[in-house]
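Visitor: I have a model open and would like to learn how to read it. Where do we begin?

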Amino acid sequence: MTERAYKVYSISSGTVIDHIPTPLALRVVEILGLGNEGILTIGMGFTSKRLPEGKDIVKIENKVLTRDETDMIALIAPEATINIIEGGKVIEKRRISLPDGIRGVMRCPNPNCATNVLGAQRVFGLASPEGPLYRCRYCERTTKVEPDLLITSAGI
Ligand SMILES: [Zn+2]
């Protein structure tokens, strides 16, 4: 088998998430709640000029992620770039920015918060792009987004 056989193959339509710092590809997949979308290709540890520590790539075939979905990626990988592919060509290069709100996928670190005690819906609003910091709608606690606070496969 040649080395080429190990490379991530190209897709003719769908979404390519590039420049994810290694090893965050699986986190990105979790935050997006992906899994039953058809073919998902994850490549990890590619060399990258922009990311000296290495980059990961996620390819989702036949699914164009919405802007709300791709903005969620900015929570853990703001350097990521999004390419929308159609007919084998890149039809859109999308920049991502922090979402104004986070619903569902982040846990409040306050153990007494209604979202943790009573099962209230988790909703956060952007408090500051530095951090980034988000404010819980219930207890008002401001939280820096950490991968450990993000819940897997909660949907968006
Ligand atoms: Zn809270």
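Guide: With the interface between domains. This is a predicted model. Domain 1 and domain 2 bury about 520 Å² between them. Carbon and sulfur atoms make up 72% of that area.

Visitor: Why quote an area?

Guide: The size of an interface is often given as the accessible area lost when the parts come together.

Visitor: Which residues in domain 1 lose the most area to domain 2?

Guide: Arg27, Met72 and Leu75. Together they account for 74% of what the domain 1 side buries.

Visitor: Now the metal. Which residues are the protein donors of the zinc ion?

Guide: Cys108, Cys113, Cys136 and Cys139, each through SG. They lie 2.3 to 2.4 Å from the zinc ion. Their spacing in sequence is C-x4-C-x22-C-x2-C. Cys108 sits in the loop between strand 6 (101-103) and helix 3 (114-117), while Cys136 is in strand 8 (residues 133-136). That pair is 28 residues apart and links distant parts of the chain.

Visitor: What is the geometry of the zinc ion site?

Guide: Tetrahedral, with angles of 99 to 117° among the four donor atoms.

Visitor: Is Cys108 buried or exposed?

Guide: Buried, because its relative accessible area is 1% and buried means under 20%. Cys136 is buried too, with a relative accessible area of 1%.

Methods. Residues are numbered from 1 along each chain as its sequence is written. This is a predicted model: local features need pLDDT of at least 70, side-chain atom pairs count only at pLDDT 80 or more; totals for chains, interfaces and linings use all residues. Side-chain values use heavy atoms; hydrogens and water are left out. Donors are N, O and S atoms within 2.8 Å of the metal (3.2 Å for Na, K and Ca); water is not among the atoms, so sites may look incomplete. Four donors count as tetrahedral if all angles lie between 85 and 135 degrees; four count as square planar and six as octahedral if opposite donors are over 155 degrees apart and all others between 65 and 115; anything else is irregular. Helices (H or I, at least four residues) and strands (E, at least two) are DSSP runs, numbered from the N terminus. Buried means under 20% relative accessible area, exposed over 50%, partly exposed in between (1.4 Å probe, protein chains only). Buried area is the accessible area (1.4 Å probe) that two parts lose on being put together, summed over both.
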